[in-house]
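Here are my notes on this model, as numbered points. Please read them with the structure open.

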Amino acid sequence: MNEYGLGTGQGTLSSEPRRPRRWPLIVSIIALSLAAVGLGGAFAYSTYSAQEWRDAAASSDKALTTMTKQRDEQRVQIDDLKSQVTDLRSQLGNVTAEYNTAAGRIRSLSDEKAQTGDEAAYYATLVAMSQNVTEGMDLCIDNLQQLQTYLVNFDSYDSTALINYAREINSGCNQAKADSDALSRKLAG
């Protein structure tokens, strides 16, 4: 027996020092490696996800810029249309005043010529021209009044169709004015 009271036989403890066990170190290294791989994957995923968000934000910003530009262009078009509506209303007022003046003048000249003229054919021509002018002016005024009802709520209508309609009316009114001028010249002698 030795000093500790243990036997020194073969089945006893050896005097060689014990080797440290390495499996906890290996398990720790593996666990840390797996944690590092997991963290790396999470970092890569978050980086990729952040890039997707940046791309989505850039795309949204570009779309917003485009829509803002389109909105601004539409506002300019609406302002132009409002200006045209104001001009058309002014023209309507001017044409109405001209019509009233011309109609009064035509009636006055027709009455004077009818009282002083000798030939029935001349009067018939003047009457026919006067009726043509009156019908043209009446149609012009009716169309302008109809256009005015459209212009009150012009946002509800197709602007191109509305402008084309106004141009047609303007053409008809110009013809009625030309007929009126021709009649005035004929009446003036």
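1. Read along the sequence, the pattern is α-α-α. The protein has 3 helices and 0 strands. Helices (H or I, at least four residues) and strands (E, at least two) are DSSP runs, numbered from the N terminus. Helix α1 covers residues 23–116. Helix α2 covers residues 120–152, and helix α3 covers residues 159–188.

2. A word on the basis. This is a predicted model, in which local features need pLDDT of at least 70 and side-chain atom pairs count only at pLDDT 80 or more, while totals for chains, interfaces and linings use all residues. Residues are numbered from 1 along each chain as its sequence is written, and side-chain values use heavy atoms, with hydrogens and water left out.

3. Burial and surface. Of the 189 residues, 16% count as buried. Buried means under 20% relative accessible area, exposed means over 50%, and partly exposed lies in between (1.4 Å probe, protein chains only). The protein exposes about 14500 Å². Carbon and sulfur atoms supply 55% of that area. Accessible areas come from the Shrake-Rupley method with a 1.4 Å probe; for residues, only the protein chains shown count as cover.

4. Contacts along the chain. Take the contacts between residues at least 6 apart in sequence: 74% of them join residues at least 24 apart. Contact means heavy atoms within 4.5 Å.

5. Helix α2. This helix has 33 residues and reaches 47 Å from its first C-alpha to its last. That is close to the 48 Å expected at 1.5 Å a residue. The expected span is 1.5 Å times one less than the number of residues. Buried residues in α2 include Tyr123, Leu126, Val133, Met137 and Ile141. Leu144, Leu147 and Leu151 are also among the buried residues of α2.

6. Ser130. Setting aside neighbours within four places in sequence, Ser130 is in contact with Ile106, Ser110 and Leu183.

7. Helix α3. Here 30 residues reach 42 Å from first C-alpha to last, close to the 44 Å expected at 1.5 Å a residue. Just after α3, Gly189 takes a positive phi of about 95°.

8. The disulfide. The structure holds 1 disulfide (a pair of cysteine sulfur atoms within 2.5 Å). Cys140 is joined to Cys173, with S to S at 1.7 Å. The pair links distant parts of the chain: Cys140 sits in α2, Cys173 in α3, 33 residues apart. The link of Cys140 and Cys173 is right-handed, with 100° about the S-S bond. Both Cys140 and Cys173 are buried. A disulfide is a covalent bond between the sulfur atoms of two cysteines.

9. Ala178 and Val133. Ala178 is found in helix α3. Ala178 counts as partly exposed because its relative accessible area is 37%. Val133 is among the buried residues of α2. Ala178 and Val133 are 45 residues apart in sequence and 8.8 Å apart in space, C-alpha to C-alpha.

10. Salt bridges. How many salt bridges does the structure hold? There are 2. A salt bridge is a side-chain nitrogen of Lys or Arg within 4 Å of a carboxyl oxygen of Asp or Glu. Arg71 pairs with Asp72 at 3.0 Å, N to O. Arg71 is partly exposed at 37% relative accessibility, and Asp72 is partly exposed at 34%. Asp181 pairs with Lys177 at 3.5 Å, N to O. Asp181 and Lys177 both lie in helix α3, 4 residues apart, about one turn of the helix. Asp181 is partly exposed at 32%, and Lys177 is partly exposed at 36%.

11. A nonpolar surface patch. Ile26, Ile30 and Leu34 form this patch, with about 300 Å² of accessible area together. Patches are made of residues with over 30% relative accessible area and no salt bridge; like charges are joined within 9 Å, nonpolar side chains (Val, Leu, Ile, Met, Phe, Trp, Tyr) within 5 Å. Leu34 is found in helix α1. At 59% relative accessibility, Leu34 counts as exposed.
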